[in-house]
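Please open the model in a viewer and keep the sequence panel at hand.

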Amino acid sequence: MGLLSIIRKIKRKEKEMRILMVGLDNSGKTTIVLKINGEDTSVISPTLGFNIKTITYQKYTLNIWDVGGQKTIRSYWRNYFEQTDGLVWVVDSSDLRRLDDCRYELHNLLKEERLSGASLLIFANKQDIQGALSPDEIAKVLNLEAMDNSRHWRIVGCSAYTGEGLLEGFDWLVQDVASRIYMLD
Amino acid sequence: MEEDDHLPKPASAAAEDAASSEDLDSALQRKRAAMIERLSNLHQSRLARKPDSESNSTSSFLSRFSDSKSSIESTLSRIRQTADPHSNPTLKSELDNVSMSIADLEKLVAENTFSLPSYEVRTCLKTITDLKQIVEQVTCEVIPRKKFSFKNKSAKKITTQNDIVSEVPIRVENNTANVESENSGFRALDSPGFRGKENEVLVKEFNRGNDEEIREFVLSDLRGCDVRLMGCVRALFVHKLIDCKVYVGPVFGSVLIEEVTNCVFVLASHQIRIHQAKGCDFYLRARSRPIIEDSNGVRFAPYCLKYDGIEKDLEEANLGEETGNWSNVDDFKWLRAVQSPNWSILPENERLDTVDISNRDPKI
């Protein structure tokens, strides 16, 4: 193997990012991943376990880990924390009753040291539903201002159903991660 | 050269050949010596240059680093000594500036990791972590976190003020734990729905073709009720139902059911999640596999609802055809190959006949 091909290989590896998608059940994590990958979203069963998708996005390769959000399997989230560059927290903006649960789980997650360096994107999903709270309202309810101020975070309203806002969110996440870990390029 | 020897040659050329090969050998040796010399020169010069330039850049970096570190520290101690935090509105922006300069410092270290000895990298990173911790501490001491509250609750604002004062010392010691306990009073349940009813017949017809009606709907805290929802709805949330019968037209998003006991549900939806259900029967049509969690004694059967125009509604919601998924139930509390003891298929002789809810007869 020539030196050049080794260098190319390392370079390619460098451009990889590991993205972890979490959030309560029924928030739309799998739908977001499939939608952004241009796949059919009409038949999606609640995730039992996890899905991995590798997506080429701009000049980066995203390894997206979409982990099921049912209560029983939330305790397994921590198995996926290692080497996460970008964290995506998905919120069902129309599920007002469970926003307390949502905030609790999010802040619990952010205490995790292995995620302390990860950029955080919050998707206020289901904006297409009439009664959904706006991203600003979600930010207040989730008490996002109280986060450690070294954390890079952003909240973006989206609809996995129509696809609106998904690219905006991922653009920010990928740029933020890239500027942090590939700034020597 | 060996090959040359094997070649047939004229005798006169042989002597010449031997002489030229000697010439060649010595030329090669000279060349090699020159190359070695060149290489060692290069090496020497590199050795001579390297430590010098490296230490130069290292020391200049370290001085830059310690300069900004001490400026950050002095700003922080000044902020900390400010007697009354409430009197100084610029405090927050000052703290933000400090965090920004720490971020710059971090960037500086990252840019120089190539040229720095690894020990320096480690100490610098440690310093940065320490600085961040101090900022965090100072922020907690100086700026109490705002409590989230809705504006229309003016009475609550007064208590919020008091809370801030009393909570400051607690936060300093244990600021992360407080994040969750805050805001637990959030109540803004303004989604349309039926709530807190007993022994009633609750009927709702979603206007077809009117976008405004296609949204989420909530059923919560019902006892002994008979609920009939006709037309398409985007999402359905069901919470705390006892002894109810619930008949629902197509839901073209998801249905989330929690804490239901002794109920009958007739539902068609893209996704169905059932939590904490006890002794309930579900007549389902679903595009995907329904799931249960923390449930027991639940039974499943195919969808059996009828009202005027239901075929068109089902078609519109992509639920026109039976998928057979009503029996493909995943139990998150039973991740084994054998059938979960928590659910079963409702025997055919115990199933309801087709339920027609188009006549508003209170008794079905």
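A residue is called buried under 20% relative accessible area, exposed over 50%, and partly exposed in between, with a 1.4 Å probe and protein chains only. This is a predicted model, in which local features need pLDDT of at least 70 and side-chain atom pairs count only at pLDDT 80 or more, while totals for chains, interfaces and linings use all residues. Residues are numbered from 1 along each chain as its sequence is written, chains are lettered from A and ligands numbered from 1 in the order in which they are written, and side-chain values use heavy atoms, with hydrogens and water left out.

**Chain B: salt bridges**

Select Lys69(B) and Glu73(B), whose side chains meet in a salt bridge at 3.9 Å, N to O. The term denotes a side-chain nitrogen of Lys or Arg within 4 Å of a carboxyl oxygen of Asp or Glu. Both residues belong to helix α2 (residues 11-81) of chain B, where they are four residues apart, about one turn of the helix. Helices (H or I, at least four residues) and strands (E, at least two) are DSSP runs, numbered from the N terminus. Lys69(B) is partly exposed at 27% relative accessibility, and Glu73(B) is partly exposed at 34%.

Proceed to Lys132(B), which forms a salt bridge with Glu106(B); their closest N and O atoms are 3.2 Å apart. This pair links distant parts of the chain, 26 residues apart: Lys132(B) lies in helix α4 (residues 118-142) and Glu106(B) in helix α3 (residues 91-112).

Next, select Asp281(B) and Arg299(B), joined by a salt bridge of 3.0 Å, N to O. Here strand β8 (residues 281-286) supplies Asp281(B) and strand β10 (residues 298-302) supplies Arg299(B), 18 residues apart. Asp281(B) is buried at 13% relative accessibility, whereas Arg299(B) is partly exposed at 24%.

Turn to strands β2 (residues 50-57) and β3 (residues 60-67) of chain A, which pair in the antiparallel sense over eight bridges. Pairing requires that DSSP find at least two bridges between two strands. Select Thr54(A) to find its bridge partner in β3(A), Asn63(A). Between the strands of this hairpin are two residues, and Gln58(A) takes a positive phi near 50 degrees.

Lys126(A) is buried, with a relative accessible area of 10%.
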